[in-house]
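This report looks at one helix and at the ring contacts. The structure comes first.

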Amino acid sequence: MKDVEERAEAVLAGLPSYVWDGERLPVPVEDIANSGFGLLVRDVEDLGTAPGAPVLRDGQSLSGLLLPARGEIWVNAAEARQWPPRRRFTIGHELGHWVMHRTGQQALFCRRSKVDETVTLPARDSAAATSGTAVARDIEEEASAFAAALLMPQWLFVREHARCDGDVATLCAAFGSSIAATERRIASLF
Ligand SMILES: [Zn+2]
């Protein structure tokens, strides 16, 4: 968890001040993807039209995907309309894949259930101890943890949490995050 948190902090720290000044909320995640990483964010009605998209079973849907060869992040347009904080989280999740998991040109397709706003990463050591071997970390969980850390930077979250006495609605409004993601962040930081 700590290394993912550090990766997100490093991304934020490395941004030119015209993209983000380290203070302004909510964190401008689309600008960061675009100006910081040269990634175009598209809202697309049917993510299944993406090149190489997997065939989904009934009830499954994609929340987002990353097309490294094109330098594009696609987000589920219907979800984005219905839940704007969800759109921000999905962009953060795909940016996490770009920063941490990109291997060449291979596209990454993220099912709705995998873009999890309530994820908690098991500690690397405890997972390894249980199985007796080194466990490959789940890249979907890592990408979601990255999104939470990017959208709700620890130092700002702690400060705002103190200012509003931990009021979840105030924090959601400040960080542009969902209730679920905000509550998860509170639980992980306090
Ligand atoms: Zn993903």
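## Start of helix α6

A polar contact is a pair of N or O atoms within 3.5 Å; within protein, one must be able to donate a hydrogen and the other to accept it. This model is predicted. At the start of α6, a side-chain oxygen of D138 comes to within 2.7 Å of the backbone nitrogen of E140.

## Helix α6 and its cover

Helix α6 covers residues 139-151, 13 residues in total. From first C-alpha to last, α6 reaches 18 Å, close to the 18 Å expected.

α6 is mostly covered, with eleven of its 13 residues buried. Among them are E140 and E142, together with F146, L150 and L151. The cover over these buried residues includes helices α1 (2-13), α2 (29-37), α4 (84-100), α8 (168-175) and α9 (179-189). Strand β4 (108-111) also contributes.

## Aromatic pairs

How many aromatic pairs does a search of the whole structure find? The search finds two. W20 and W155 form a tilted pair, 6.3 Å centre to centre, with 55° between the planes. W20 sits in the loop between α1 and α2, W155 in helix α7 (residues 154-163), 135 residues apart. W20 is buried, at 2% relative accessible area. W155 is partly exposed, at 40%.

F157 and F175 form a tilted pair too: 5.2 Å between centres, 45° between planes. F157 lies in helix α7 and F175 in helix α8, so this pair ties together parts 18 residues apart in sequence. Both F157 and F175 are buried.

## A charge over a ring

The charged end of R102 sits over the ring of W98. The distance to the ring centre is 3.7 Å.

Definitions and conventions: Residues numbered from 1 in each chain as written. Predicted model: local features only at pLDDT ≥ 70, side-chain atom pairs only at ≥ 80, totals over all residues. Heavy atoms only, no water. Helix = DSSP H or I, 4+ residues; strand = E, 2+ residues; numbered from the N terminus. Expected span 1.5 Å × (residues − 1). Buried < 20%, exposed > 50% of the residue type's maximum accessible area, 1.4 Å probe, protein only. Contact = heavy atoms within 4.5 Å. Phe/Tyr/Trp six-rings, centres within 6.5 Å; stacked < 30°, edge-to-face > 60°. Lys NZ or Arg CZ within 6 Å of the ring centre and 35° of its normal.
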